[in-house]
Amino acid sequence: MGTILGHIKVRSFSIGTTACILIVAVLIGQLGSFTFPPVLQAILFSLFVFTIGYRS
């Protein structure tokens, strides 16, 4: 959903894929409580930190 919204342009302005993915993730997180096992949380957080470091 965030990727699709990130490609939408209004005239020459677009928010971007990365920002839209983060916005959609925050909105989905506010809709309900999701529980993940601690091991999965650690793996997903590590992947997030890796991708941010790799991208920058």
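Start by selecting the residues around the largest pocket: 16 residues line it, and those nearest its centre are Ile21, Leu22, Ala25, Leu44 and Phe48. Two elements each give two or more residues to this lining, namely H2 and helix H3 (38–55). Keep in mind throughout that the model is predicted.

Colour H3 next. With 7 residues, H3 gives the most to the lining of the largest pocket. The volume of this pocket is about 420 Å³. Colouring the lining by residue class gives 11 nonpolar, 4 polar and 1 charged.

Now show the whole chain as a cartoon. There are 3 helices and 0 strands, and the pattern read along the sequence is α-α-α. Turn the view onto the principal axes: the C-alpha trace spans about 45 × 30 × 10 Å along them. The radius of gyration of the chain is 14 Å, whereas a compact globule of 56 residues would have one near 10 Å.

Switch to a surface. The chain exposes about 5,200 Å², and 72% of that area is supplied by carbon and sulfur atoms. How many of the 56 residues count as buried? The share is 9%.

Return to the cartoon and select Ile23. This residue lies in helix H2, which runs over residues 17–31. Then draw a distance from Ile23 to Leu47. The two are 24 residues apart in sequence, and their C-alpha atoms are 18 Å apart in space.

Move to Ala42, which is found in helix H3. Ala42 has a relative accessibility of 43% and therefore counts as partly exposed.

To finish, go back to the pocket and show H2 and H3 together, as both give two or more residues to the lining of the largest pocket.

How values were computed: Residues numbered from 1 in each chain as written. Predicted model: local features only at pLDDT ≥ 70, side-chain atom pairs only at ≥ 80, totals over all residues. Heavy atoms only, no water. Helix = DSSP H or I, 4+ residues; strand = E, 2+ residues; numbered from the N terminus. 1 Å grid on protein atoms, 1.4 Å probe; cavity = no way out; pocket = protein on both sides within 12 Å on 5 of 7 lines; lining within 4 Å. Points joined across faces, edges and corners; volume = space filled by probe spheres on them. Nonpolar A, V, L, I, M, F, W, Y, C, P; charged D, E, K, R; others polar. Rg over C-alpha atoms; globule rule 2.2 N^0.38 Å. Buried < 20%, exposed > 50% of the residue type's maximum accessible area, 1.4 Å probe, protein only. Areas by Shrake-Rupley, 256 points an atom, 1.4 Å probe, with all protein chains shown as cover.
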